[in-house]
Amino acid sequence: MQTIAPNLSAFAASSSTTCKVRQKSTDAAEPKEEAQTTQQFSGHIPVEELEFSYSRSSGPGGQNVNKVSTKVEVRFHVPSASWIPQDIKSKLIELEHNRVTKEGYLVLTSDKTRKQMLNQADVMDKLRSIVFKAAAKPRGLTDQEIQLRDKRLAKSKEETLREKRQRSMKKQSRGSPSVGSV
Amino acid sequence: MASTRDTAQRLIRSLPRVALHNIKSVQPKTRKKVRRSFAKGKTHGRGHKGQGQHMTLPRLGFEGGNTPFYLMIPKEPYYQNHHLRRQYPPLTMLSLQRFIDLGRVDTSIPIDLTQLCNTGLFNVNIDRKHFGVNLTEEGADIFAAKINLEVQWTTELVIAAVERNGGTVTTRYYDPKSLRALIDPLHFFKRSTAIPRCRLPPQDALEYYSSASNRGYLAKEEDIEVERQRLAQKYGYVLPDLHADPGSTMLKMRKDPGQLFYGLEPGWVVNLKDRLVLKPKSPEHLEFYAS
């Protein structure tokens, strides 16, 4: 059987649909650290840089839940994480401020299922979606949308002015008639 | 001039083996002469008048208008087509770990259905439409053995649990004839028949065994490697490097899709008594067993 070396670029192309593979073209003169930070998050998380710890889960389950460590906790230091682009780290801490410690450690837990492996998968999924959310850019308006918005604003302004003029004339007509008017 | 004995010997050599389809009785069966009764005249067994005599009887099962018996009773198809469905008796990962810990299964060789049946604690019964072993998820958390595993059915969590510990899993289909040999190889070899070539899975199983996500034996190796990476990312473990492993040759051992036993090819005959392996040489045999 021929040996096959793991091909991570193939992984990045064929992994989950939420995965963004596009990498911005970087200048050759830019140093590697800057090139890393301008890249987009591809969905790949280096598991060796995360710290996993296991404990007992909550909820019913008798002797089994009392004895088996199925709850999974993952933590890592956000500012020193090399796999998250620099520009989204602050956004990440802001979005998940409830889950970030004073020292800057993001802590996620899961005790959803009865199996430790499934809880670990759940925690990885949570982490990945959190980072994707932080990396998501707000969608700008298209030219058509800008045109439509301006057109509607102009129309509503026009309408306001027309009403003002009408109201003004109504008020004026209430006064005593002057010489020369009907 | 050839003697009668020579002719007889030549005939015996060339004629086919005597079987039920090519022998005749010594005295041919004669048809009994039909004897007609004189008494069955006049109404000829039909009685007098009525529908019976006028050939206007209704269909069989008709009860004069009320819902007939065969429509009144409801259908309860609990076991409909059960005899056509494949069954995979389950074996938990916990049981497998226990087998390994107690030394019932050797981890230094590839573990397939033969090894599991040899423990005597796991049984596959072909007459009950069993098609192999289904490795279930119970005990996946505590599984800690590095093995080259071959099963007939399994799930993603089990695959992740095995690969996390540095092992490999393959799902493999065996047709009933091959499975019978695999379950009890000793009994099969004692019959001294040629090792059969394994057949491809049926249509509804072909997709399962061709899919890399199930580690099917018909899937491509590159796709399987991609799936290994994907699973490691999903379940959050570092994928052990198989190439750096000293036991990697054993872990990479795979059977050919038509091969039944490691080290033996289809068409070979194992003679246990004389401790020989007989291999066919004629091109017709080789072509047949390669097809």
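1. Basis. The model is predicted, so local features are given only where pLDDT is at least 70 and side-chain atom pairs count only at pLDDT 80 or more, whereas totals for chains, interfaces and linings use all residues. Residues are numbered from 1 along each chain as its sequence is written, chains are lettered from A and ligands numbered from 1 in the order in which they are written, and side-chain values use heavy atoms, with hydrogens and water left out.

2. Chain A overall. The secondary structure of chain A consists of 6 helices and 3 strands, where helices (H or I, at least four residues) and strands (E, at least two) are DSSP runs numbered from the N terminus; along the sequence their order is α-α-β-α-β-α-β-α-α. Of its 182 residues, 27% are buried, a class that means under 20% relative accessible area, with exposed over 50% and partly exposed in between (1.4 Å probe, protein chains only). Among contacts (heavy atoms within 4.5 Å) between residues at least 6 apart in sequence, 58% in chain A join residues at least 24 apart.

3. Packing between the chains. Helix α5 (residues 116-135) of chain A packs against helix α10 (residues 221-235) of chain B at about 90°, with the axes 6 Å apart; axes are lines fitted to C-alpha atoms, for helices over the stretch in contact, and angles run from 0 to 180 degrees between N-to-C directions. α5(A) is therefore roughly perpendicular to α10(B), since angles of 65 to 115 degrees are given that name, while those under 35 count as roughly parallel, those over 145 as roughly antiparallel and the rest as oblique. On the α5(A) side, the residues in contact include A:Met117, A:Met124 and A:Arg128, and they meet B:Gln233, B:Lys234 and B:Tyr235 of α10(B). This contact comprises 5 nonpolar, 2 polar and 2 charged residues, where Ala, Val, Leu, Ile, Met, Phe, Trp, Tyr, Cys and Pro count as nonpolar, Asp, Glu, Lys and Arg as charged, and the others, Gly among them, as polar.

4. Packing within chain B. The axes of α6(B) and α10(B) come within 10 Å and cross at roughly 95°, so these two helices are also roughly perpendicular to each other. Residues making the contact include B:Glu156 and B:Glu163 of α6(B), with B:Arg228 and B:Arg230 among those of α10(B). By class there are 5 nonpolar, no polar and 5 charged residues.

5. A:Ile93 is found in helix α4 (residues 86-95) of chain A and, at 29% relative accessibility, counts as partly exposed. Leaving aside neighbours within four places in sequence, A:Ile93 is in contact with A:Val78 and A:Val100.
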